[in-house]
Every structure is written in structure tokens, then in C-alpha cells.
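Try each task before reading its solution.

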Amino acid sequence: MAKIKEFIRNNQYTSILLGLLVAVLALFSILKGSAFWQVNVWKGMTMQFPEYACVALGLMFVFISGHHDMSQVLMGNFGAILAVQYMAARVVEGMPNNEVGGIIFAAIGIAMIVAVVGALINFVLVSYLNVPPVMATIAMQMVWKGLSTALTQGYAVKGVPELYTTIGHTYLGGWLAVPVVIFLVLLVISIYLLKFTTFGEKLYMIGTNKKAAKFSGINVHGMLAATYLLSAIFATIGILIMVSTMGSAKADYGISYTTRAILILVLAGCIPDGGLGKISNVLLSIITVQIIATGINLFGNLNTYYSSLIWGGMLIVVLIMSTQVGSGKKAKKVKAKKAPAKVQ
């Protein structure tokens with residue numbers, strides 16, 4: 001019992017997440033037991049979460065640095081629209097798969113170029129022009145949506161090659177979805193960067209105290225450029241996965257993913273104040289949020305507006321809880337720094 005109490009005290013966010021996960025599983029087991037535990041339902045989950053999970057992983061780096069990025073999804077949509085238009089204009093019926101594959105790789109490259117440009121714009125606005133991150137990225141969100149709408153007149157862009165759509169509908173070995181494999185690759189990259197490189201240490205230092213990080217010799221501008229770049233690239237990958245499942249690209253696809261990604265990160269203890277967040281908690285939060293989303297969808301008569309109400313209400317509650325826990329952790333850090341060193 002003492003060890004459990006110590007674990008809860010030292011891992012507050014993990015404890016909250018585990019408790020929430022158990023409660024959610026119990027709730028849907030009682031309300032929708034037979035439908036909830038069907039194999040197809042859980043296989044469906046593996047096809048659904050990688051899209052916004054990639055967005056959340058990218059946003060995690062920005063949050064740890066103490067910044068924000070509201071533009072990543074709509075920026076990804078613009079890149080995806082250009083990519084689909086490129087593929088639709090060049091792929092013809094009967095074309096060999098190796099040629100189609102080359103066109104697909106080129107199209108993905110176009111989307112990534114857009115991600116790099118978008119990340120650099122966000123970085124310049126925030127780091128050099130000192131525009132508040134939330135305001136800067138909301139403005140860019142509107143710019144990207146405007147560009148996408150002007151380019152497509154608000155319609156979905158179709159013409160995605162069949163070779164590309166198979167990515168979003170294929171299970172390896174009959175059970176492992178290809179989008180999950182892509183997400184796991186990004187997850188491994190994230191773990192490596194945060195746990196096994198100086199990049200992670202510097203990122204947490206910047207999020208905890210940017211001035212102190214600058215005085216310690218850390219290239220703060222370079223680090224912020226890297227975080228916005230990771231956010232843009234990861235989000236674009238998530239949107240490209242969505243294109244493979246939807247078979248098209250559109251200006252407002254995945255528009256709710258930003259809110260869902262914020263919910264995931266705040267639930268995991270990775271708040272925009274910076275300096276906090278464990279990737280294991282982010283993974284646990286992604287699983288919990290997807291189970292909730294799937295459970296809600298099992299209620300066929302539940303209006304989509306109620307679904308939005310549930311997500312919004314849950315985000316508010318989680319924000320209140322995380323603010324209290326997060327402020328307590330930061331207070332402990334400050335106290336520890338102010339404590340006088342013991343004289344030997």
C-alpha cells in the first residue's frame with residue numbers, strides 16, 4: 001500500500017490517466033458490453049487514432065518548449081491538397097506501380113515542403129517578431145484555410161491513386177494497421193529525441209526557464225525552429241494518413257484534431273506552460289481518448305453536437321485539474337532551486 005501511495009504521489013498524471021482508463025473501460029463495458037468488446041471495434045480503433053496521434057506527438061514538442069501551434073492541421077491540409085492535385089494530374093489508368101510510387105513520393109515531398117515553410121513562418125513570427133504563439137498560429141491557421149478554400153472552392157480534391165489509399169486500409173498480418181506502424185515510427189523517434197539526446201534536455205530547460213537556458217549557452221532560436229518543424233512534419237504525416245483513408249483532401253478535414261491533440265497533451269500533463277510532459281503519459285492519453293471516441297460512436301442515436309459538448313467539457317475539466325497539478329510541480333521545482341546548499 002505504501003508503494004502504491006508513493007507511486008501516485010510521484011506520478012500524479014499517470015495515476016489520473018490509469019484511473020480514467022479503468023473508469024472508461026468499466027463504463028462502456030456496462031453500457032455497451034457486447035458491442036464494445038467486439039474484435040472489429042478494436043481493430044477499427046487502430047485505424048482511427050494514428051491520424052490525430054501524429055498531430056499530438058508533434059504538438060508535444062512545442063508544448064514542452066512553452067509554446068503553442070494552432071496552425072499545424074490546416075497547414076497539413078493545404079500541403080495534402082497540393083499533393084493530391086499533383087497525383088491526380090499525373091497518375092493515369094494502367095500506369096505501372098513503380099511509376100505511381102515515384103509520383104506518390106514526389107507528392108509527399110510537396111506536402112513536406114509546405115510543412116517546412118509553415119514551420120519557418122511560425123518560428124519567425126514567434127521567435128523574431130515576438131508575436132504571442134497562440135495569436136500567431138491562429139492567424140496562420142486562418143491563412144492556410146483561406147489558401148486551401150481558394151484553391152479548391154471548398155470542395156474535396158479527389159483522384160488519390162489506389163496504391164496510396166491501400167496505406168489507410170491495410171492490416172499487416174491481418175491485425176496490425178499500417179497507419180499504426182507509421183505512428184510507432186514517429187513514437188520511437190520522439191522517445192529517442194526526448195530521452196536519449198541533448199535535444200530533449202535542452203527542450204525541457206527552455207520550457208522551464210527560457211532566460212536561464214539562453215544564459216547557459218543553449219541556442220534557443222534554433223531549438224524553437226526545430227520544435228515548430230517537428231510539429232509541422234508530424235502533423236502533415238497525420239493528415240497524409242487521413243488522405244489515404246478518406247481517398248481525398250479538403251480544407252477542413254481533421255479540423256477537430258487540434259482540439260483533440262490539446263486534450264491528449266493536457267490530460268498527459270504536457271501543458272503549454274512548458275517544461276513538463278512524459279511521452280509514456282502521452283501514449284496512455286492517446287489510448288484513453290480513442291477508447292472514449294469509439295465508445296461515444298457506439299451510441300448511434302447520440303447527436304454529433306453532444307459529442308462536441310463531451311469533448312469540450314472534458315477539456316475544461318482536464319485543464320482545471322492539470323493546472324492545479326502542474327502549478328504544484330512547478331512550485332516544487334522553484335522551491336528546490338531556492339533551497340540553500342548544505343555546507344559540508
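A nonpolar core is a set of buried Ala, Val, Leu, Ile, Met, Phe, Trp, Tyr and Cys residues joined through side-chain atoms within 4.5 Å. Buried means under 20% relative accessible area, exposed means over 50%, and partly exposed is in between (1.4 Å probe, protein chains only). The model is predicted, so local features need pLDDT of at least 70 and side-chain atom pairs count only at pLDDT 80 or more, while totals for chains, interfaces and linings use all residues. Residues are numbered from 1 along each chain as its sequence is written, and side-chain values use heavy atoms, with hydrogens and water left out.

**Exercise 1. The core**

Find which residues touch the most other members of the largest nonpolar core.

Solution. Start with the core itself, which has 100 residues; L57, M60, F61, F183 and V282 touch the most other members. Next, ask where its largest share comes from: helix 3 (residues 39-64) supplies 16 residues. Helices here are DSSP runs (H or I, at least four residues), numbered from the N terminus. Then take F61: beyond residues up to four places away in sequence, its contacts (heavy atoms within 4.5 Å) include S190, L193, F199 and F234.

**Exercise 2. F63**

Decide whether F63 is buried or exposed, and list what it touches.

Solution. First place F63: it belongs to helix 3. Its relative accessibility is 0%, so F63 is buried. Setting aside residues up to four places away in sequence, F63 touches H68, I262, L265, C270, I271, P272, G274 and G275. For contrast, look at F63 and I103: they are 40 residues apart in sequence and 35 Å apart in space, C-alpha to C-alpha.

**Exercise 3. An aromatic pair**

Work out which parts the pair of F78 and W144 ties together.

Solution. Begin with the rule: rings of Phe, Tyr and Trp (its six-membered ring) pair if their centres lie within 6.5 Å, with planes under 30 degrees apart stacked, over 60 edge-to-face and the rest tilted. This rule gives 10 aromatic pairs. One of them joins F78 and W144, with 5.5 Å centre to centre and 40 degrees between the planes, a tilted pair. F78 is in helix 4 (residues 72-90) and W144 in helix 6 (residues 133-152), so the pair ties together parts 66 residues apart in sequence. Lastly, check burial: F78 is buried at 13% relative accessibility, and W144 is buried at 6%.

**Exercise 4. A serine in a loop**

Find the side chain with which S248 makes a polar contact.

Solution. Locate S248 in the loop between helix 11 (220-246) and helix 12 (257-267). Its relative accessible area is 4%, so S248 is buried. A polar contact is a pair of N or O atoms within 3.5 Å; within protein, one must be able to donate a hydrogen and the other to accept it, and residues adjacent in sequence count only if both atoms are side-chain atoms. The partner is the side chain of Y253, at 2.9 Å.

**Exercise 5. Positive phi**

Solution. N130 is not a glycine, yet has a positive phi of about 60 degrees. N130 sits in the loop between helix 5 (97-128) and helix 6, and is exposed at 62%. Q153, also not a glycine, has a positive phi of about 60 degrees. Q153 is in the loop between helix 6 and helix 7 (162-165), and is exposed at 58%.

Methods. Helices (H or I, at least four residues) and strands (E, at least two) are DSSP runs, numbered from the N terminus.
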